[in-house]
Amino acid sequence: MKKIIALLLAAVLAIGLVACTSNTPSNPSSAPSAPNSENPVDTTPADKGTYKVGISMYVMDGGMTALSGLMKDTLASADIDIEVFVTSADQSTEKQNSDIEDLVTKGCDLIWVQGFDKNAIVGALENAYSAGVKVAISTEADTDSYTYRYANATDEQTGEMQAEWFIENYLKKNPNTTYKIAMCNGVMSTPGGAGRRNGVVWSLEKSGCTNYEIVTEQDCNYTTEAAQAWAEGLMTSHPEVDVIFCGNDDMAMGVANAIDAVGRTGEIVLLGTDGHEVGLQLMKEGKMVATVRMNVDEIGKAMANSMIDCLKGTLVLDENRMTFADASLLYTLLDETNYKNYND
């Protein structure tokens with residue numbers, strides 16, 4: 001993990017930098033060259049008065065609700081006047097397209113788009129971008145119509161942290177026990193859902209341990225209800241499962257409910273991701289052994305500050321129109337040794 005973070009930060013320092021001032025042409029070959037003495041970048045912000053910023057969320061689970069709230073608060077406390085609109089697509093790409101179009105109609109100067117299928121909202125992104133709106137995206141998209149892409153630590157890293165904890169505390173300590181694993185994924189068609197799942201699977205594969213088997217996996221759309229319905233069936237169809245990795249704590253809550261209903265709490269090893277109110281309560285009740293805490297304060301502030309800098313014309317980007325957070329601040333593994341130190 002430390003090697004990954006170090007490499008990411010080193011890569012950031014090594015890349016040539018430019019300032020975010022306006023939309024880059026969608027044709028990369030016509031993009032302006034990096035700034036030099038003959039091609040200075042104008043970082044003077046527009047004399048705007050009040051800026052309008054839209055935040056388009058794909059899903060509003062516990063972690064994303066906290067995240068969007070903190071982003072809104074940070075934007076509202078900026079040294080420039082910003083009006084903020086927050087939308088939730090409720091896991092519908094059709095609604096997210098509509099949300100983005102509505103934010104354009106509201107006259108937003110910048111729209112932040114969080115958590116989406118990389119090719120499902122291309123039309124909305126391109127329409128917003130061609131309308132002169134600064135478009136900030138949190139993941140890859142199958143279009144060049146965006147102003148910049150923001151990168152936290154990768155979703156794979158959260159999965160890696162889950163897996164590494166399980167490897168050290170179970171696989172290596174009990175080499176003669178073969179653990180039967182089920183994967184409760186978010187949405188595998190999105191980079192976040194795939195990333196969290198793949199981080200777990202790849203880390204298990206690289207561990208050198210052979211005393212595990214992934215028996216089954218299912219997309220549960222990040223919701224408690226979907227995960228509980230799936231886990232209730234799992235208790236019957238795969239009673240041999242004794243470990244369940246969940247892509248967020250909302251899903252872990254549904255799985256915990258199903259486990260509790262058949263009297264197997266404490267018998268099945270349950271791991272989650274997000275580490276906020278839902279996850280902390282599950283750990284307090286002895287229903288989940290570990291979770292990867294998203295340090296929402298740091299993540300939300302960094303995201304919002306990138307938007308503020310972009311509006312001002314002072315955001316630092318690399319040659320691929322990306323900006324990076326300090327990955328070492330973003331995630332913390334919580335288990336019985338430290339979860340009581342956190343109180344949401």
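This is a predicted model: local features need pLDDT of at least 70, side-chain atom pairs count only at pLDDT 80 or more; totals for chains, interfaces and linings use all residues.
**Entry 1: a salt bridge to start**

I began with Glu 168 and Lys 172, whose side chains form a salt bridge at 2.9 Å, N to O. For a salt bridge I took a side-chain nitrogen of Lys or Arg within 4 Å of a carboxyl oxygen of Asp or Glu. Glu 168 is partly exposed at 43% relative accessible area, and Lys 172 is partly exposed at 46%. Here buried means under 20% relative accessible area, exposed over 50%, and partly exposed in between (1.4 Å probe, protein chains only).

Residues are numbered from 1 along each chain as its sequence is written, and side-chain values use heavy atoms, with hydrogens and water left out.

I searched the whole structure and got 11 salt bridges. One of them joins the side chains of Arg 196 and Asp 274 at 3.5 Å, N to O. Arg 196 sits in helix 6 and Asp 274 in strand 10 (residues 269-274), so this pair ties together parts 78 residues apart in sequence. Helices (H or I, at least four residues) and strands (E, at least two) are DSSP runs, numbered from the N terminus.

Asp 144 is partly exposed at 29%, whereas Arg 321 is buried at 12%.

**Entry 2: the largest pocket**

Next I looked up the largest pocket, which holds about 890 Å³ of space. A pocket is an open set of points on a 1 Å grid over the protein atoms alone, where a 1.4 Å probe fits, with protein on both sides within 12 Å along at least five of seven lines; lining residues have an atom within 4 Å of a point. I counted 42 lining residues, with Ser 138, Thr 139, Asp 155, Pro 191 and Gly 192 nearest the centre. Helix 6 gives the largest share, 7 residues.

**Entry 3: cysteines**

How many disulfides are there? I got 0, taking a disulfide as a pair of cysteine sulfur atoms within 2.5 Å. The sulfur of Cys 184 has its closest cysteine sulfur in Cys 220, 3.8 Å away and too far for a bond. Cys 184 is buried at 0% relative accessibility, and Cys 108 is buried at 5%.

How values were computed: Grid points are joined across faces, edges and corners, and a volume is the space filled by probe spheres set on the points.
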